[in-house]
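Trainee: I'm new to this one and would like a close look at a single part. Could you take me through the salt bridges, and then whatever sits around them?

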Amino acid sequence: PAPKPTKIKVNFDALLKENNDVVGWIYSAGTPISYPVMQAEDNDTYLRADIYKNYLVSGTLFVDFRNREICEDRNYIIYGHHMKNGTMFGSLLYYKDQSYYNAHPTIQYLTPNGNYTIRIVAGGVIHMNDIIYYPNPPKAEFEKYLEDANQRKINAEKQRKKDQKNTTIGAVVVLIVAVVSITLYIVFNPN
């Protein structure tokens with residue numbers, strides 16, 4: 001069985017004093033993922049900048065500028081670089097290995113307004129014009145995408161069914177790594 005997610009506390013008041021572009025913190029116990037998440041008026045600001053907007057080759061994780069609050073759009077898109085040393089979203093590619101998934105089936109997403117548990121369901125290679133790059137694609141296309149993603153799912157069917165019985169799926173959270181996307185759904189479960 002996977003370990004229970006570690007509860008972490010984030011001082012959003014302090015982070016927002018440093019930079020009011022902070023919208024969240026993403027964390028996965030036992031992985032390199034533990035970073036602030038930003039949102040700017042475009043998708044270029046944090047591509048190669050740290051949270052202080054100083055040049056940083058790995059950039060900072062950021063939400064698509066078109067997104068609203070989490071669960072208000074069909075797709076909540078978080079971008080991050082695939083770093084060869086496994087930092088940023090580099091470790092997402094490890095989910096191709098079932099044992100890695102078994103050890104890390106969830107990611108925590110904390111915001112100033114609530115905390116969320118993201119359970120990983122499927123991943124795959126997507127094209128730049130794929131509907132997953134849009135916060136609110138047409139409903140029929142979005143449902144078709146979810147159906148296709150379900151065919152690529154990671155072996156997590158029993159847990160997914162259990163989650164669906166006990167929670168409401170609020171939105172799809174998409175973590176985008178270069179040209180590879182790990183598609184996730186969010187278990188709408190504020191902690």
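Mentor: Let's start with a pair you can find quickly: Lys 53 and Asp 21, whose side chains meet in a salt bridge, with N and O 3.6 Å apart. This pair ties together distant parts of the chain, since the two residues are 32 apart. Lys 53 sits in the loop between S2 and S3, while Asp 21 is in the loop between helix H1 (12-18) and strand S1 (22-27). Keep in mind that this is a predicted model.

Are the two partners buried or exposed? Lys 53 has 48% relative accessibility, so it counts as partly exposed. Asp 21 is at 14%, and therefore it counts as buried. As for the pairing itself, side chains of opposite charge can pair when their charged atoms come close.

A search of the whole structure turns up 4 salt bridges. Another of them joins the side chains of Asp 64 and Arg 66, at 2.8 Å from N to O. Asp 64 has a relative accessible area of 0%, so it is buried. Arg 66 comes out at 35%, which means it is partly exposed.

The side chain of Asn 43 joins that of Asp 64 in a polar contact of 3.2 Å. Asn 43 belongs to the loop between strand S2 (34-38) and strand S3 (62-63). Its side chain also reaches the backbone nitrogen of Phe 65, at 2.9 Å. If you set aside the neighbours within four places in sequence, Asn 43 is in contact with Phe 62, Val 63, Asp 64, Phe 65 and Tyr 79. Is Asn 43 buried or exposed? The cut-off for buried is under 20% relative accessible area, and Asn 43 is at 19%, so it counts as buried.

Now for a salt bridge in a helix. Lys 139 forms one with Glu 143, and the closest N and O atoms are 4.0 Å apart. Both residues lie in helix H3 (residues 139-151), 4 residues apart, or about one turn of the helix. Lys 139 counts as exposed because its relative accessibility is 52%. Glu 143 has a relative accessible area of 43%, so it is partly exposed.

You'll find it in the loop between helix H2 (98-103) and strand S5 (106-111). At 10% relative accessibility, Pro 105 counts as buried. Its C-alpha atom is separated by 9.0 Å from that of Tyr 95, which is 10 residues away along the chain.

Finally, step back to the whole protein. It has 4 helices and 8 strands, and along the sequence they follow the pattern α-β-β-β-β-α-β-β-α-α-β-β. Of the 191 residues, 50% are buried. The accessible surface comes to about 10,100 Å², and carbon and sulfur atoms account for 52% of that. Take the contacts between residues at least 6 apart in sequence: 57% of them join residues at least 24 apart. As you turn the model, go back to Lys 53 and Asp 21, the pair that links distant parts of the chain.

Note on methods. Residues are numbered from 1 along each chain as its sequence is written. This is a predicted model: local features need pLDDT of at least 70, side-chain atom pairs count only at pLDDT 80 or more; totals for chains, interfaces and linings use all residues. Side-chain values use heavy atoms; hydrogens and water are left out. Buried means under 20% relative accessible area, exposed over 50%, partly exposed in between (1.4 Å probe, protein chains only). A polar contact is a pair of N or O atoms within 3.5 Å; within protein, one must be able to donate a hydrogen and the other to accept it, and residues adjacent in sequence count only if both atoms are side-chain atoms. Contact means heavy atoms within 4.5 Å. Accessible areas come from the Shrake-Rupley method with a 1.4 Å probe; for residues, only the protein chains shown count as cover.
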